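Trainee: I would like to learn how to read packed helices and pockets in a model. Please start with the helices.

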Amino acid sequence: MDFAYSDEQQAVIELARKILSDAATPKALRALEKTGGVRFDRALWKSLAEAGLVGAAIPESYGGGGQSFLAMAGILEEVGRSVAPVPLLETAVLGALPIAQFGSAAQQERWLPRAARGEAILTAALVEPHREPANPGMRAERAGAKFRLHGEKLAVPAGELADAMLVPAALPGGGVGVFLLEARAAGVTQTPLITTTRQPESALVLSGAEAELLGTAEQGAEIVAWVVLRATAALCA
């Protein structure tokens with residue numbers, strides 16, 4: 001299998017390297033650290049979005065670049081190289097890609113164009129103590145056409161920045177579903193965590209927060225495995 005970048009992919013990655021090396025300098029990073037606020041460079045995020053890099057792997061029909069995961073991994077490698085304070089892995093890989101793959105037309109229309117423009121930050125809440133993502137303690141109960149979620153998640157990356165997040169939860173009849181949750185909905189409580197890297201993470205408590213199912217109930221385990229695989233590869237990149 002050939003893992004070499006195409007000329008188009010290489011051009012996208014080189015563009016990312018140029019923007020990140022110019023903006024995420026040691027001086028700029030030190031200045032951001034001194035503010036004591038959330039580790040997020042909004043000006044750099046805007047530049048990446050305007051260059052089409054935030055939405056690089058989002059389908060063209062939703063304002064993205066239609067690039068492959070390989071190209072996105074190359075972009076994320078440049079984010080890691082520069083230690084850039086931007087939630088690109090979270091928005092692009094944990095949020096946008098699963099919505100593009102499994103979401104309804106309404107979910108895709110609502111979130112993907114905004115994510116591509118850098119106007120919506122996305123993430124996923126996968127971590128619980130002593131549990132695998134596909135076997136969550138978080139539980140879902142039906143509420144008409146939607147569900148209400150109850151439980152806790154740990155270490156949600158970019159949680160306090162996010163507009164929406166994907167949350168695996170146990171279904172009433174057994175199995176797991178993946179839910180699309182607005183981060184500021186009623187019943188959502190987030191507590192910022194102090195991390196050694198100063199990357200923004202939060203503890204999440206849901207008390208009857210209303211959420212939509214992503215895909216179908218039968219697809220839940222498949223979606224979780226799909227997200228975890230790509231999240232792991234993206235983090236390694």
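Mentor: Axes are lines fitted to C-alpha atoms, for helices over the stretch in contact, and angles run from 0 to 180 degrees between N-to-C directions. This is a predicted model, in which local features need pLDDT of at least 70, side-chain atom pairs count only at pLDDT 80 or more, and totals for chains, interfaces and linings use all residues. Residues are numbered from 1 along each chain as its sequence is written, and side-chain values use heavy atoms, leaving out hydrogens and water.

Trainee: At what angle do α5 and α7 pack, and how far apart are their axes?

Mentor: Two packed helices are described by the angle between their axes and the distance between the axes. For α5 and α7 the angle is about 150 degrees, and the axes are 10 Å apart. Helices (H or I, at least four residues) and strands (E, at least two) are DSSP runs, numbered from the N terminus.

Trainee: Which residues of α5 and α7 meet?

Mentor: Contact means heavy atoms within 4.5 Å. Leu89, Val93 and Leu94 are among the α5 residues that meet α7, whose side includes Trp226, Val227 and Leu235. Ala, Val, Leu, Ile, Met, Phe, Trp, Tyr, Cys and Pro count as nonpolar, Asp, Glu, Lys and Arg as charged, and the others, Gly among them, as polar.

Trainee: How are α1 and α4 placed, roughly parallel or roughly antiparallel to each other?

Mentor: Angles under 35 degrees count as roughly parallel and over 145 as roughly antiparallel, with 65 to 115 roughly perpendicular and the rest oblique. The axes of α1 (residues 7-23) and α4 come within 9 Å and cross at roughly 20 degrees. The two helices are therefore roughly parallel to each other.

Trainee: How much space lies in the largest pocket?

Mentor: On a 1 Å grid over the protein atoms alone, a pocket is an open set of points where a 1.4 Å probe fits, with protein on both sides within 12 Å along at least five of seven lines; lining residues have an atom within 4 Å of a point. Grid points are joined across faces, edges and corners, and a volume is the space filled by probe spheres set on the points. The largest pocket holds about 660 Å³. Of its 29 lining residues, Leu89, Glu90, Pro157, Gln199 and Leu235 are the closest to its centre. The largest share of the lining, five residues, comes from α7. By class, there are 23 nonpolar, three polar and three charged residues in that lining.
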